Amino acid sequence: MSKVAKLSDPSGRGKVAGYDVTFPTMQHRYTQEEIDAVVKVMTPNDDGEMPGQTQGKYLEQFEKDFAAFVGSKYAFGVNNCTNALKLAAIFCHIKPGDEVIIPGYTYCASAIPFGDLGAKIVWADINPYTWTIDPDDFERKITPKTKAVVCVHLLGIPCDMKKIMPIARKHGLYVVEDCAQAMDCTIDGQHVGTFGDFGCFSFHSAKTMTTLGEGGMFICQDDQIAHNVPGIRHNGLCAYQGERERYWVPAMSCVDEFLEDRWPQNFCLGEAQCALGSVQLKSVYSNNEILRAQDARIRAALADLPEISFPGIVEGGRYVVHQYVMHYDGSAYGKNRNDLLDLLTGKYRVRAIVQYYPLYRFPLFQKKGMGAYDCPVLDKWWDDSFSFPWWCGVDDPEGTNEKIDLMCERLRAAVLELRG
Ligand SMILES: Cc1ncc(COP(=O)(O)O)c(C=O)c1O
């Protein structure tokens, strides 16, 4: 099969002929307040002057609002989460030969920024209960070359940070938290992203909140790093300190501050995006409450089917149901996940999908020499995993639960049929 650059979307978003339940289009619908906030940035003020379009008061406000939301000392708006992770990799001082431990089960962007700086990625296994990075396996894989660990709160499930942090600190490792799917995900009331050294969030349109399709946030707690972020985020640009006799000499701004040994980047987020972000933050809690109620309904409806299982949540953890992944164990009947999906998608017309792929199986990482792995739990678990068509922005705004109930009914029918 030839590979083409254009992205194909096998999940088939929106209506797909032949299916009763399909994948949502996953595009945010904006409230009037959100539209007004963006339009304001596009509208001249009473003196006819245009508001600033980048790095102005809306960025400052959004960063303040976001820091308050997650309980972080510092927050920096960036143009996507991949680049928030790149900032984290830069501040971990990743150089060729360093090892970074990353769960094999995640989206590729959790690993790419570290590989890009020359790290060797060491794949950690998942914990069979939480489906996130296994703390014991993480510890087993630490070597003298290990520089950092990336904890991915994938699917909105919190990693076991209370176990991971002492291990990382004992070995002097940086801890990066990939919170792209974990807005409002907490452990004992503490927001994920604030346990480690760096937290990285996504506002891509498929996420809980968006800043016009793309966007991200980098958070940290360290004063010196926070001091250095703006320069690295924006091509090393910063104001000269103090007065100069001629303001244009030697140049309007300096490009060599705050960089130390690093090259700067341009990861800036525009003002209209920030204006929207501040308003979008207001609906995160209520949105997640709906998703949690839907999750409870699904678990209750399928509780008597031993073949189906759900992620376990660490004590004190708050799961935000970003994706709806389940596990099917049909081994007692000689059946597997593909048998289930053949029935569910074919006869029962629910366009279920399989989420993610162990990253070490992707040609990209294999070609980069990172195809080696020792992840027995993930390797077996992934082959039995599947997910409902799902949208963390809530695909049932009227709250009828019709689609939820239909999916549960059809899944039940398929599971029972496979028992023979
Ligand atoms: C777990 C995870 N990490 C990182 C990213 C990258 O986010 P962005 O698209 O904002 O770069 C995503 C996006 O889907 C993600 O799901």
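The largest nonpolar core takes in 113 residues; such a core is a set of buried Ala, Val, Leu, Ile, Met, Phe, Trp, Tyr and Cys residues joined through C-beta atoms within 7 Å. Buried here means that 20 or more other C-beta atoms, placed from the backbone, lie within 10 Å of the residue's own. This is a predicted model, with pLDDT of at least 70 needed for local features and 80 or more for side-chain atom pairs, while totals for chains, interfaces and linings use all residues. Residues are numbered from 1 along each chain as its sequence is written.

Ala88, Cys200 and Phe218 have the most contacts inside the core. Helix H3, residues 81-91, gives the most to it, eight residues (helices are DSSP runs of H or I with at least four residues, strands are E runs with at least two, and both are numbered from the N terminus). Setting aside neighbours within four places in sequence, Phe218 is in contact (C-beta atoms, placed from the backbone, within 7 Å) with Phe76, Val78, Ala84, Leu87, Ala88, Phe198, Cys200 and Val229.

Across the boundary, 35 residues of domain 1 are in contact with 35 residues of domain 2. On the domain 1 side, strands E3 (120-124) and E6 (186-187) each supply at least two of the touching residues, and E3 has the largest share, with three.

Definitions and conventions. Buried ≥ 20, exposed ≤ 12 C-beta atoms within 10 Å, placed from the backbone. Contact = placed C-beta atoms within 7 Å.
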